[in-house]
Amino acid sequence: MLLERAARIHRALTRVRGVLGPEDYDGAVGLLAQAGCQPLFDDTDIGKIIDKLLREVLPEKERDEREKRRHEARNLYESSLAGGDLRRLILTLGSDEDYETVRAILMSPLSRPATGASRRRRVRSTVARPGSGATTRS
């Protein structure tokens, strides 16, 4: 098991320890340990398993706080380039789901440049995938 994956599993187990009884906690440890050691589960799959466990186990207040922190992690920066002829938008997202949603919108036919007068202003966007140093430009 990769160290990063083990740390992620440990953080999830730490969060649910006070909420679960001893038998349920042992079951959660066994489930996550088995999933974490299976090479056919990638980090995305492990993340989905952990998120499902946390949604099912944690009280609603903590889920709401987690969603609020995730929303606050989103940042949008705007700057002008080339003396104001171009605009750059940098959007930082808090989760892979948000990234995939924004990417799908940017790649959709609705995001194609408009014709006519509005075409003069070109927009260039950059989306940063959470947890990666890479960016995708469109």
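The structure is a predicted model, in which local features need pLDDT of at least 70 and side-chain atom pairs count only at pLDDT 80 or more, whereas totals for chains, interfaces and linings use all residues. Residues are numbered from 1 along each chain as its sequence is written, and side-chain values use heavy atoms, with hydrogens and water left out.

The secondary structure comes to five helices and four strands, where helices (H or I, at least four residues) and strands (E, at least two) are DSSP runs numbered from the N terminus. From the N terminus on, these elements run in the order α-α-α-α-β-β-α-β-β. Of the 138 residues in the protein, 21% are buried, with buried taken as under 20% relative accessible area, exposed as over 50% and partly exposed as in between (1.4 Å probe, protein chains only). Among contacts (heavy atoms within 4.5 Å) between residues at least 6 apart in sequence, 52% join residues at least 24 apart.

Helix 1 (residues 3-17) has 15 residues and should span 21 Å at 1.5 Å a residue, which agrees with the 21 Å between its end C-alpha atoms; the expected span is 1.5 Å times one less than the number of residues. Its buried residues are Arg5, Ile9, Ala12, Leu13 and Val16. Because these residues cover an arc of only 100° around the axis, they lie on the same side of helix 1, the arc being that of the directions from the helix axis to the C-beta atoms. The face turned away from this buried side carries the exposed residues Leu3, Glu4, His10, Arg11 and Arg17. What covers the buried residues of helix 1 includes helix 2 (22-37) and helix 3 (43-57).

Helix 2 and helix 3 pack at an angle of about 165°, with their axes 10 Å apart; axes are lines fitted to C-alpha atoms, for helices over the stretch in contact, and angles run from 0 to 180 degrees between N-to-C directions. The angle makes helix 2 roughly antiparallel to helix 3, a term that applies to angles over 145 degrees. In this packing, Ala28, Leu31, Leu32, Ala35 and Gly36 of helix 2 meet Ile46, Ile49, Ile50 and Leu53 of helix 3.

In helix 3, Ile46, Gly47, Ile50, Asp51, Leu53, Leu54 and Val57 are buried. These residues cover an arc of only 160° around the axis, which puts them on the same side of helix 3, while Lys48 and Glu56 are exposed on the other side.

Definitions and conventions:
Parallel < 35°, antiparallel > 145°, perpendicular 65-115°, else oblique.
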